[in-house]
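Hello,

Here is the structure I promised to pass on to you. Please have a look at it first, and then read my notes below.

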Amino acid sequence: MIRLDDTGRTPKDTRVVVAMSGGVDSSVVAALYAQAGYEVIGVTLQLYDHGEAMHHRPGACCAGQDIYDARVVCEKLGIPHYVLDYESRFRDAVIERFADAYASGETPIPCVDCNRTVKFRDLMETAKDLGADILATGHYVTSRALPDGGRALYRPLDESRDQSYFLYATTQAQINMLRFPLGETTKPEVRALAEGFGLKVADKPDSQDICFVPNGHYTAIVEKLRPEAGEPGDIVHLDGRVLGRHAGVMRYTIGQRKGLGIASAEPLYVVGIDARQRRVLVGPRAALGVTEVRIDEVNWLGDESLDAALDAGREIHVKVRSTRAPVPGQLGRAADGAPVVRLAAAEEGVAPGQACVFYADVSAGARLLGGGVIRRAPSAFTALTRAQEMVANARTA
């Protein structure tokens, strides 16, 4: 069942701004509202130099072709279409932060930053300026009214398309205005709807790459903006041995096994990144397990306050990577009072800069309770450095 609005307003009295990427999902959303008699306005964001983007490989999103496709859909539906130049905002809020994260040894999620700033902060203000009652998108997540009059987000029907992980930073005020009509549909159903509406984007491939990264080569952008991220350094084993050299910390992420550029009799994984000393720490898979995750920039969407949830040790389910299923965990505080998530079982590949996203339970339609940015746990390099200093001091004694 497709819910367009459940507030009791009549379509003819409701103005809807649809964020249109030029893809099939947002195009179908616009068509659904238009067909139902809502006053619909299509808005597409120009986020970077689309002239250059035209040279990207097929599958990269947000290129000039996408703006054209969105315009054609709006013409087909008979609704107005506006293109907003958000290039400078996008660079400041997303691209610069992306480069900073890699330069500091973290693994960022630019889609989260884009959603929480450019799309759901800046675009929402523009939608309000246009007199919109609703801002709708083609994300696969479900929005439902709560008994108290607020709204909450839930994992969608189609788990393979679940985008709730990337929406954890959406605020309660934004959720109250946002609608996600595709949350209870599947991708094949959406493509069938596009065919029925006669939309030329019905068979358009889904975007696969980060929109501003040409050909998937993110290192070129990072090195251009933060040259220090490409400076060489040592690859160090947990036992202190220097195994080789690397060509920049930006090329590594926690849990990585392939592309290390070193020879070893045992399988080795990246278990730590020390950007300041330009060192990459590697070790056996057993060293990857993490049971406590430090987080900050927490966005809490539960019914109680965040402080109450932390102090009570609220039981939740969490994702530490977008492609993983939620696993049991518990909110709490570290010794210094900082928020932490304690996992029932060790998780591998918990990378600083990624998101730790909270859910009420493990079900397909679980409520989204928020999340935070994973921060560096006490570094394995600290223990390693201390051990090396002790050995050196013993030798000189």
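First, some ground rules. This is a predicted model, so local features need pLDDT of at least 70 and side-chain atom pairs count only at pLDDT 80 or more, while totals for chains, interfaces and linings use all residues. Residues are numbered from 1 along each chain as its sequence is written, and side-chain values use heavy atoms, with hydrogens and water left out.

Let me begin with α1, residues 24-35 (helices are DSSP runs of H or I with at least four residues, strands are runs of E with at least two, both numbered from the N terminus). Of its 12 residues, 10 are buried, meaning under 20% relative accessible area, with exposed being over 50% and partly exposed in between (1.4 Å probe, protein chains only). Val24, Asp25 and Tyr33 are among them. The buried residues of α1 pack against β1 (15-19), β2 (39-46), α3, β4 (134-136), β7 (178-179) and α7; contact here is heavy atoms within 4.5 Å. The length of α1 agrees with expectation, because 12 residues at 1.5 Å each should span 16 Å and the end C-alpha atoms are 16 Å apart (the expected span is 1.5 Å times one less than the number of residues). Just after α1, glycine 37 has a positive phi of about 95°.

Next comes α7, residues 187-197, where Lys187, Val190, Ala194 and Phe197 are buried. They cover an arc of only 80° around the axis, so they sit on the same side of α7 (the arc is taken from the directions from the helix axis to the C-beta atoms). Pro188 and Gly196 are exposed on the other side. The buried residues of α7 pack against α1 and α3 (64-77). Glycine 198 follows α7, with a positive phi near 75°.

In strand β2 you will find threonine 44, which is buried at a relative accessible area of 3%. Not counting residues up to four places away in sequence, threonine 44 touches Met20, Ile67, Ala70, His81, Tyr82, Val83 and Leu84.

Best wishes
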